[in-house]
Amino acid sequence: MHRRRRYWVQGGVDCLYDAENVAIDLFRRARDYEVFLCLLSICKVYFDFRIIAYCLMPNCYHLIVEKENNPIIKAVKWLNHTYLCHFGKKKESGIAFETCIYEMPRHDDNLMLCASRYIHMRPVLGGLVRRTIDYKYSSYNTLSGSIDDGITDTSIILDRFFGNSDYYADFVNDACGTVEMENMVFKTNCIIRGKINSL
């Protein structure tokens, strides 16, 4: 039987995608984040994928998505190119994307959940906010039940927590400031960079 190719986005069907620009910020003002999120909502419909979790950082963005058919790279290229049009000419924007897509086994709930916790903790780890709930440009507030961003498919993660958004919030925040969180960040980074296979 033919086996579908699966992608992990930095997460076939689940993927973690990480697009970085180490030279210059991708998002320079609130309007930039808003434009990108608007494009993301269009992109997921046009390319037919589900967004499990996301986080936009000043110089990168992370997505965990579920994609059934075409490779997610087609959607990523459209998203990046269309976002660059927001700045006008590419050369004038000074922005250059680095695209990384990693495979995550669909059945590995532990890996998917730890990856979602990792990207939702990024603003705290990066010193942008003190609490995950204070960061506006991630799916955390939707998954924790505070808002509905209209982008995130909450069922994929919350089904693992009996549909209870408070349980997911505890899962993320109980690790904050602990050795467990530091180990989780280290191990997740190793997975993303392909150095180890499991947590």
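**Close-up views of a predicted model**

A search of the whole structure, a predicted model, finds 13 aromatic pairs.

**View 1. Tyr33 and Tyr137 form a stacked pair.** The ring centres of Tyr33 and Tyr137 are 4.0 Å apart and the planes meet at 10 degrees, so the pair counts as stacked. Tyr33 belongs to helix H1 (residues 30-46), while Tyr137 sits in the loop between helix H4 (109-125) and helix H5 (140-143), so the pair ties together parts that are 104 residues apart in sequence. Tyr33 is buried, at 8% relative accessibility. Tyr137 is buried too, with a relative accessible area of 12%.

**View 2. Phe36 and Tyr61 form a tilted pair.** Here the centres are 4.7 Å apart and the planes stand at 50 degrees, so the pair of Phe36 and Tyr61 is tilted. Phe36 lies in helix H1 and Tyr61 in strand E3 (residues 60-67), so this pair ties together parts that are 25 residues apart in sequence. Both Phe36 and Tyr61 are buried.

**View 3. Ring pairs build an aromatic cluster.** The cluster linked by ring pairs consists of Phe27, Tyr33, Phe36, Tyr61, Tyr83, Tyr135 and Tyr137. Among them are the stacked rings of Tyr33 and Tyr137 and the tilted rings of Phe36 and Tyr61.

**View 4. Arg117 lies over the face of Phe171.** The distance from Arg117 to the ring centre of Phe171 is 4.4 Å.

**View 5. Asp48 and Phe162 have positive phi values.** Most residues other than glycine have a negative phi. Asp48, which is not a glycine, has a phi near 60 degrees. Asp48 is in the loop between H1 and strand E2 (49-57). For Phe162, also not a glycine, phi is about 55 degrees. Phe162 is placed in the loop between helix H6 (155-158) and helix H7 (165-173). At 74% relative accessibility, the side of the cut-off on which Phe162 falls is exposed.

**View 6. Cys60 and Cys55 are too far apart for a bond.** The cysteine sulfur closest to that of Cys60 belongs to Cys55, at 7.5 Å. A disulfide requires two cysteine sulfur atoms within 2.5 Å, and the count for this structure comes to 0 disulfides. Cys60 is buried, at 1% relative accessibility. Cys38, by contrast, is partly exposed, with a relative accessible area of 42%.

Conventions:
Residues numbered from 1 in each chain as written. Predicted model: local features only at pLDDT ≥ 70, side-chain atom pairs only at ≥ 80, totals over all residues. Heavy atoms only, no water. Phe/Tyr/Trp six-rings, centres within 6.5 Å; stacked < 30°, edge-to-face > 60°. Helix = DSSP H or I, 4+ residues; strand = E, 2+ residues; numbered from the N terminus. Buried < 20%, exposed > 50% of the residue type's maximum accessible area, 1.4 Å probe, protein only. Lys NZ or Arg CZ within 6 Å of the ring centre and 35° of its normal.
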